[in-house]
Amino acid sequence: MDEAIWLISDGRSGSTWFSRLLASARPCHIEHEPVHPLFTPTLSDEAQLPLPCDPVIENKLVPLFEAIRAGHHRTARFGESDRRADGGLIIRDVFALMVAPRMIELLPWLRPVVILRHPCEVAASKCALSDWVWFSQVEMLARDEVLLAAFPQLPRLIARARSPFQRYVLTWCVAHAFLLSRIAPSRLHVVRYPSPLDAARRNVAQIMGCEAPQADFHQAFVERSPTDRPPDGRPLLTRLIHPRRAPGETEWQWANAMLHEFALEPWFPISESATGLSHAKALAG
């Protein structure tokens, strides 16, 4: 294969759904989350979220991706169902945002596509699925020399991020700010999640270079992701004692503070009157 589409995002950002949309345009093999240590045995002793200074990039990830490209490695994520005809390769990752710049430099055959979902929504979804293992060891971010040089405010912000929600938002902002500052806009296709049908269809056509058959595209658009969960499948007593709730004003203020801190407002503009930006800036210190 000459090129592979590399679909990168944070978890709970619609990447499984969008990979299905891309594959509706033409038959593709979808490689699900090879960077995840739970699904790739050679990474089982590595960090869940590899960072820019991590030697795993050159030592393991580059050889792994070359093996995927050659057809010598398949990740056991969703079984055999995605091993389709050889009409293309889509690699989908949710833990690769901070190694993506170096990987793309070393592997020019990767075509990066990033999915952006608002960090407040991502963090709320992760908190709702608390039985899943998400990266929350934010202290590790400040131990990476490249990240610390790029964001010297990291130790201060890490000290302020106390709840799981705040830590998820902070990690989201660090990862996306690093990615978006290191990859030229001309090389990076950005997709929003959620996307209305027409916008999703345009994105698929631009990325794949062809229109998806209408019936195939519509089926993929409305199909539930294999990683979806019911709104709340916990036992009744647990739901009553620990009810899930939508992010409140405090959570939105923290998310807005981090978007401002990492200059990500061009991607998610903040309305001062609607979300209390002044207080959000104060939270960031």
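The legends below describe close-up views of a predicted model.

View 1

**View 2. Strand 1 and its two partners.** Strand 1 (residues 4-8) pairs in the parallel sense with strand 4 (residues 110-116) through five bridges. Here Ile5 stands opposite Arg111 of strand 4. Strand 1 also runs parallel to strand 3 (residues 89-93), with four bridges between them. Trp6 has Ile91 as its bridge partner in strand 3.

**View 3. The two faces of strand 1.** In a regular strand, side chains alternate between the two faces of the sheet. In strand 1, Ala4, Trp6 and Ile8 lie on one side, and Ile5 and Leu7 on the other. Are these residues buried or exposed? Both faces are covered, and the residues named on each side are all buried. Strand 1 is thus mostly covered, with five of its five residues buried.

**View 4. The largest nonpolar core.** In soluble globular proteins, nonpolar side chains tend to be buried together. The largest nonpolar core of this model has 67 residues, and Trp6, Phe65, Leu141 and Phe262 touch the most other members. Helix 7 (residues 164-182) makes the greatest contribution to this core, with twelve residues. Another core, of 21 residues, lies apart from the largest one; Ile5, Ala23, Ala200 and Ala212 are among its members.

**View 5. The surroundings of Phe65.** Which residues are in contact with Phe65, leaving aside its neighbours within four places in sequence? They are Trp6, Pro34, Val35, Ile91, Asp93, Met103, Leu107, Trp109 and Leu110.

**View 6. Helix 1 against helix 9.** Helix 1 (residues 15-23) packs on helix 9 (residues 214-222) with the axes 8 Å apart and at an angle of about 175°. The two helices are therefore roughly antiparallel to each other, as angles over 145 degrees count as such. Trp17, Arg20 and Leu21 of helix 1 meet Phe217, Ala220 and Phe221 of helix 9. By class, this contact has five nonpolar residues, one charged residue and no polar residues.

Technical notes:
Residues are numbered from 1 along each chain as its sequence is written. This is a predicted model: local features need pLDDT of at least 70, side-chain atom pairs count only at pLDDT 80 or more; totals for chains, interfaces and linings use all residues. Side-chain values use heavy atoms; hydrogens and water are left out. Buried means under 20% relative accessible area, exposed over 50%, partly exposed in between (1.4 Å probe, protein chains only). Two strands pair if DSSP finds at least two bridges between them. A nonpolar core is a set of buried Ala, Val, Leu, Ile, Met, Phe, Trp, Tyr and Cys residues joined through side-chain atoms within 4.5 Å. Contact means heavy atoms within 4.5 Å. Axes are lines fitted to C-alpha atoms, for helices over the stretch in contact, and angles run from 0 to 180 degrees between N-to-C directions. Angles under 35 degrees count as roughly parallel, over 145 as roughly antiparallel, 65 to 115 as roughly perpendicular and the rest as oblique. Ala, Val, Leu, Ile, Met, Phe, Trp, Tyr, Cys and Pro count as nonpolar, Asp, Glu, Lys and Arg as charged, and the others, Gly among them, as polar.
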